[in-house]
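Work through the exercises below with the model open. Each task is followed by a solution in steps.

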Number of protein chains: 2
Amino acid sequence: MTASDLTAAVAAVHESWMRTVDLITPVLAEHRLTTATFQALWAIDPAEQPPSMKVMAERLYCNAPNLTFMSNQLVDRGLVERAVDPADRRSRVLVLTAKGRRVRDEVLRAALENTPLGALTADELRQLTALLNRALRT
Amino acid sequence: MTASDLTAAVAAVHESWMRTVDLITPVLAEHRLTTATFQALWAIDPAEQPPSMKVMAERLYCNAPNLTFMSNQLVDRGLVERAVDPADRRSRVLVLTAKGRRVRDEVLRAALENTPLGALTADELRQLTALLNRALRT
DNA sequence: CGTCGATGCTTCGAGACTCGAAGCAATGGA
DNA sequence: TCCATTGCTTCGAGTCTCGAAGCATCGACG
């Protein structure tokens with residue numbers, strides 16, 4: 001593996017993400033969301049147990065004060081509610097509101113409709129995902 | 001192509017980039033750099049003609065005031081100098097200083113050494129890059 | 001040659017993001 | 001019961017992002 005192979009790959013990954021975000025900015029703005037709050041909203045899967053703030057911080061690679069701030073942004077916009085975790089009363093879990101689920105669906109759909117990755121075939125997508133997950137597993 | 005194939009691919013791309021950035025944060029901090037200034041520094045290839053601020057704004061998907069701010073950050077840290085483009089005196093090009101070239105090399109090397117993509121073989125990297133560039137070409 | 005709309009950048013103000021330090025309440029083991 | 005640890009919040013400072021407004025230069029057009 002040459003350094004330039006790796007450089008090109010990192011650059012392509014970066015560019016793919018930046019393009020995806022750039023293309024959904026108008027949709028995010030409609031809901032007074034930004035890249036950071038979009039990522040936070042995306043990280044709350046309504047099909048799973050509501051994540052604690054600690055889990056969210058790990059998913060988003062940010063620290064506790066930052067998570068508090070972003071949670072406030074989502075709460076202020078009516079997309080999320082804080083709840084005490086009965087199992088550990090120190091912990092707060094983030095629960096999507098009905099509006100939160102709706103907005104999350106909408107911006108996620110916008111992302112999938114606009115991302116340049118949408119130009120790939122199903123086979124190519126699975127191949128791409130397999131490669132990246134193999135790298136991430138390390 | 002199912003929606004979940006696409007979702008998984010976008011998530012994997014996002015995660016790969018976030019992990020890469022997260023892992024070089026300590027190195028960035030040594031040079032008083034952040035993700036934003038790292039991206040800006042990366043976008044100035046010393047092997048090419050110094051880019052104008054307009055070109056930089058396109059590369060980084062941000063607007064003119066933002067570019068002015070980030071350029072100031074880089075200038076304040078002694079990594080970049082502004083120069084008037086002789087061909088168009090309205091335009092300003094960003095020229096790496098000696099220190100700028102050195103720091104850029106260092107943080108770029110740190111990124112390549114730490115990125116999870118480094119776990120892939122040369123063949124896999126070329127395959128990955130080819131897939132992403134095919135998507136980006138659209 | 002002069003005029004004027006378009007272009008490239010900066011300034012300003014406001015809001016959003018990020019982090020370290022310090023603090024509080026709850027937990028769990030000694 | 002004591003107390004170190006954990007999860008979150010508050011605070012202050014610095015960074016990032018953007019729209020609106022302003023300035024200088026450019027280029028087309030008469």
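A residue is near a molecule or strand if one of its heavy atoms lies within 4 Å of it. This is a predicted model, in which local features need pLDDT of at least 70, side-chain atom pairs count only at pLDDT 80 or more, and totals for chains, interfaces and linings use all residues. Residues are numbered from 1 along each chain as written, chains are lettered from A and ligands numbered from 1 in the order written, and side-chain values use heavy atoms, without hydrogens and water.

**Exercise 1. Chain A**

Describe the secondary structure and extent of chain A.

Solution. 
- Step 1: take helices (H or I, at least four residues) and strands (E, at least two) as DSSP runs, numbered from the N terminus.
- Step 2: chain A has six helices and two strands.
- Step 3: their order along the sequence is α-α-α-α-β-β-α-α.
- Step 4: the C-alpha trace of chain A spans about 50 × 35 × 25 Å along its principal axes.

**Exercise 2. Two copies**

Solution. 
- Step 1: superpose by least squares on the C-alpha atoms of residues with pLDDT of at least 70 in both copies.
- Step 2: a turn of 180° and a shift of 0.0 Å along the axis give an RMSD of 0.0 Å. The copies are therefore related as by a two-fold rotation axis.
- Step 3: compare the interfaces, with contact meaning heavy atoms within 4.5 Å. Of the interface residues of chain A, 100% are also interface residues in chain B, so the copies meet through the same surface.

**Exercise 3. A helix pair**

At what angle do α2(B) and α5(B) cross, and which residues meet?

Solution. 
- Step 1: the axes of α2 (residues 35-42) and α5 (residues 98-114) of chain B come within 10 Å and cross at roughly 110°. Therefore α2(B) is roughly perpendicular to α5(B) (65 to 115 degrees).
- Step 2: F38(B), L41(B) and W42(B) in α2(B) meet residues of α5(B), including V103(B), R104(B) and V107(B).
- Step 3: sort by class. Ala, Val, Leu, Ile, Met, Phe, Trp, Tyr, Cys and Pro count as nonpolar, Asp, Glu, Lys and Arg as charged, and the others, Gly among them, as polar. The contact of α2(B) with α5(B) has seven nonpolar, one polar and one charged residues.

**Exercise 4. DNA strand C**

Which residues are closest to DNA strand C, and what share of its atoms within 4 Å of the protein is sugar or phosphate?

Solution. 
- Step 1: 24 residues surround DNA strand C, and T34(A), K54(B), T68(B), R82(B) and R90(B) are the closest.
- Step 2: look for polar contacts (here, pairs of N or O atoms within 3.5 Å).
- Step 3: turn to the bases. A polar side-chain atom of R90(B) lies 2.8 Å from a base oxygen of DNA strand C.
- Step 4: α4(A) supplies the largest share of the nearby surface, five residues.

**Exercise 5. DNA strand D**

Which side chains place an N or O atom by a base oxygen of DNA strand D?

Solution. 
- Step 1: R90(A) has such an atom 2.8 Å from a base oxygen.
- Step 2: for R90(B), the distance to a base oxygen of DNA strand D is 3.4 Å.
- Step 3: on the phosphate side, a polar side-chain atom of T68(A) lies 2.7 Å from an oxygen of DNA strand D.
- Step 4: the surface near DNA strand D has eight nonpolar, eight polar and eight charged residues.

Terms used:
Axes fitted to C-alpha atoms, helices over the stretch in contact; angles between N-to-C directions. Parallel < 35°, antiparallel > 145°, perpendicular 65-115°, else oblique. Polar contact = N/O pair within 3.5 Å; in protein donor to acceptor, adjacent residues only side chain to side chain.
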